[in-house]
Amino acid sequence: GSTTAYEAATAFLGEWGPFQRRVFFLLSLSVVPIGLTAFSIVFLADTPDHRCAYKVENLLNYSERGCLDGWEFDHSVYTSTIVSEWNLVCDESWKRPLTSSIFFGGVFTGSLISGQLSDRWFGRKIVMFATIALQAVSKFIQVFSPSWIVFCALYFIVGMGQVSNYIVAFVLGMEVLGPRTRTLFSTAAVSLFFGVGYMLLPLIAFFITDWRMLLLALMLPSCLCMPLWWFIPESPRWLLSQGRTEEAEAILRNAAEMNNIEPPTVIFSSLQVRTSFIREIKTFSFLQNTITIAYFALSLNTANLNGNPYFNCFLSALMEMPAYVLSWVMFRWCSRRLSVFSSLSSGGLFLLIIHLVPAPALSITFEMLGKFAVSTAFAVAYAYTAELYPTVLRNTAIGACSTASRIGSIIAPYFIYLRTYSVSLPYILMGSLTAVAGLLSLLLPESFGMPLPDTISHMQQFPG
């Protein structure tokens with residue numbers, strides 16, 4: 001087979017020994033807290049029923065004076081949210097989608113920086129744990145936010161830490177694991193553990209109805225991930241690309257010992273590592289962008305659907321589970337282009353059908369089917385990007401595509417805001433964009449069955 005020198009040199013380790021299992025599960029586990037907080041804004045910033053509180057003597061000239069004595073919020077569902085605490089209603093309601101967008105602005109910045117930091121400077125492991133610590137600290141301080149502005153500033157940092165943590169854990173797993181396990185890790189495992197966190201969110205939010213306490217509860221899992229530092233290794237591929245051969249060999253000898261395998265006396269004879277520049281891929285960015293708009297808009301929209309907000313959020317999270325399993329099946333046995341094309345175009349179709357359906361129950365069904373298709377595309381696209389790019393640039397590349405897609409997530413809250421003008425408008429827009437992206441995906445190169453490239457010269461050629 002056309003394996004890269006690295007894969008040939010490390011083949012002695014096998015695919016699924018105790019070492020690989022440990023890396024596989026611990027990295028997947030570190031993604032649970034991310035799933036837990038990614039959509040917490042759905043509950044932190046939900047708008048309870050409210051009415052104007054006014055004194056009788058103000059009633060006569062009420063019409064000119066607006067709502068003077070503040071608002072009275074219904075506390076039957078939430079003890080408090082940032083909306084009831086800082087009155088983000090009526091004239092101030094624009095602050096709600098902005099809160100989400102600021103968070104995704106942080107995600108955008110994180111995508112931009114973390115790739116550079118982990119490819120060029122510090123490696124995968126340091127960046128991963130630094131960003132886990134960053135999330136824990138900033139969430140903790142956020143609990144004590146005195147004002148909406150402070151809350152948003154910290155939320156920006158949480159977003160920054162979160163995406164960096166996700167991308168780096170993802171890349172680390174891709175690089176440490178062998179070809180078959182890598183496929184399972186990058187599509188199903190990371191996504192399913194993210195989904196578990198996301199499914200836990202409505203359950204925790206159901207019991208903790210005060211936003212500050214909720215944030216505190218969401219912070220704890222990040223703290224629990226810190227001790228994993230002693231069990232997760234640095235990526236030997238990355239160490240090699242930096243010329244740090246001895247450290248890379250030490251990790252692999254350690255792994256061999258865990259797997260009860262006798263390592264060869266010399267693991268890497270002389271692997272050449274070449275780098276040069278890669279042209280940016282516009283198609284990929286547009287694709288990631290569209291998938292992200294649809295994915296986040298559908299996830300943030302759960303509070304607007306008919307029925308119970310907790311149940312809808314749980315259902316939305318639950319829809320992702322079979323989607324991630326499907327993404328792995330597609331990734332294991334199908335062409336990449338076909339996988340992206342079929343999941344995106346069917347997603348677009350479901351979203352376009354929604355506004356034609358009169359019954360609320362049916363429209364929720366199509367919304368969930370759309371979420372299912374888009375989640376599948378999301379998982380496949382991430383793993384696909386990682387396959388196309390070489391080790392020397394993998395993190396930067398996923399970061400760059402992720403950065404492009406963050407523009408999508410910053411816009412997403414406003415897509416939902418369009419509901420105020422017409423309920424079907426967000427669906428028509430998302431549906432058409434998603435369908436177009438599906439067609440464009442047919443222009444991408446195929447990487448099915450190819451080894452993971454280590455240098456630029458190993459990269460798959462783009463058609464045209």
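## Worked exercises on a predicted model

R336 lies in helix α16, which covers residues 336–354. The structure used in these exercises is a predicted model.

**Exercise 1.** Work out whether R336 is buried or exposed, and find which residues R336 touches.

*Solution.* Begin with the accessibility: R336 has a relative accessible area of 2%, and buried means under 20%, so R336 counts as buried. Next, look at the surroundings, where R336 touches M330, F331, Y384, E387, E446, S447, F448 and G449 once residues up to four places away in sequence are not counted. Finally, compare sequence with space: R336 and S441 are 105 residues apart in sequence, yet their C-alpha atoms are 9.3 Å apart.

**Exercise 2.** Describe how the chain is divided into domains, and state how many residues each domain gives to the contact between them.

*Solution.* The protein chain is divided into domain 1, made of 1–52 + 70–273, and domain 2, made of 281–463. The contact takes 62 residues from domain 1 and 50 residues from domain 2. As for their placement, the C-alpha centres of domain 1 and domain 2 lie 19 Å apart.

**Exercise 3.** Find which residues have the most contacts inside the largest nonpolar core, and which helix gives the most to this core.

*Solution.* The largest nonpolar core has 122 residues, and F39 and F194 are those with the most contacts inside it. Helix α9, residues 148–176, gives the most to this core, with 15 residues. The core draws at least three residues from each of domain 1 and domain 2. As a general background, nonpolar side chains tend to be buried together in soluble globular proteins.

**Exercise 4.** State how many cavities of 30 Å³ or more a search of the whole structure finds, and which residues lie nearest the centre of the largest cavity.

*Solution.* The search finds 3 cavities of 30 Å³ or more, and the largest cavity has a volume of about 270 Å³. This largest cavity is lined by 19 residues, of which Y166, F194, F296, F378 and R406 lie nearest its centre. Turning to the helices, α3, α7, α9, α10, α14 and α17 each supply at least two residues of the lining, and the largest share, 4 residues, comes from α9.

**Exercise 5.** Determine where S186 lies, and which residues S186 is in contact with.

*Solution.* S186 lies in helix α10, and S186 is buried, with a relative accessible area of 2%. A polar atom of the side chain of S186 lies 3.4 Å from the backbone oxygen of T183. Leaving aside neighbours within four places in sequence, S186 is in contact with F170, M174, A379 and A383.

**Exercise 6.** Locate N301, and explain why N301 counts as buried.

*Solution.* N301 is found in the loop between α14, residues 282–300, and α15, residues 309–333. N301 counts as buried because its relative accessibility is 4%, where the cut-off for buried is under 20%. Apart from residues up to four places away in sequence, N301 touches E367, I416, R419 and Y427. With Y427 there is also a polar contact, made between the two side chains at 3.1 Å.

Definitions and conventions:
Residues are numbered from 1 along each chain as its sequence is written. This is a predicted model: local features need pLDDT of at least 70, side-chain atom pairs count only at pLDDT 80 or more; totals for chains, interfaces and linings use all residues. Side-chain values use heavy atoms; hydrogens and water are left out. A nonpolar core is a set of buried Ala, Val, Leu, Ile, Met, Phe, Trp, Tyr and Cys residues joined through side-chain atoms within 4.5 Å. Buried means under 20% relative accessible area, exposed over 50%, partly exposed in between (1.4 Å probe, protein chains only). Domain bounds come from an automatic or database domain assignment. A polar contact is a pair of N or O atoms within 3.5 Å; within protein, one must be able to donate a hydrogen and the other to accept it, and residues adjacent in sequence count only if both atoms are side-chain atoms. Contact means heavy atoms within 4.5 Å. On a 1 Å grid over the protein atoms alone, a cavity is a set of points where a 1.4 Å probe fits but cannot get out, and a pocket is an open set with protein on both sides within 12 Å along at least five of seven lines; lining residues have an atom within 4 Å of a point. Grid points are joined across faces, edges and corners, and a volume is the space filled by probe spheres set on the points.
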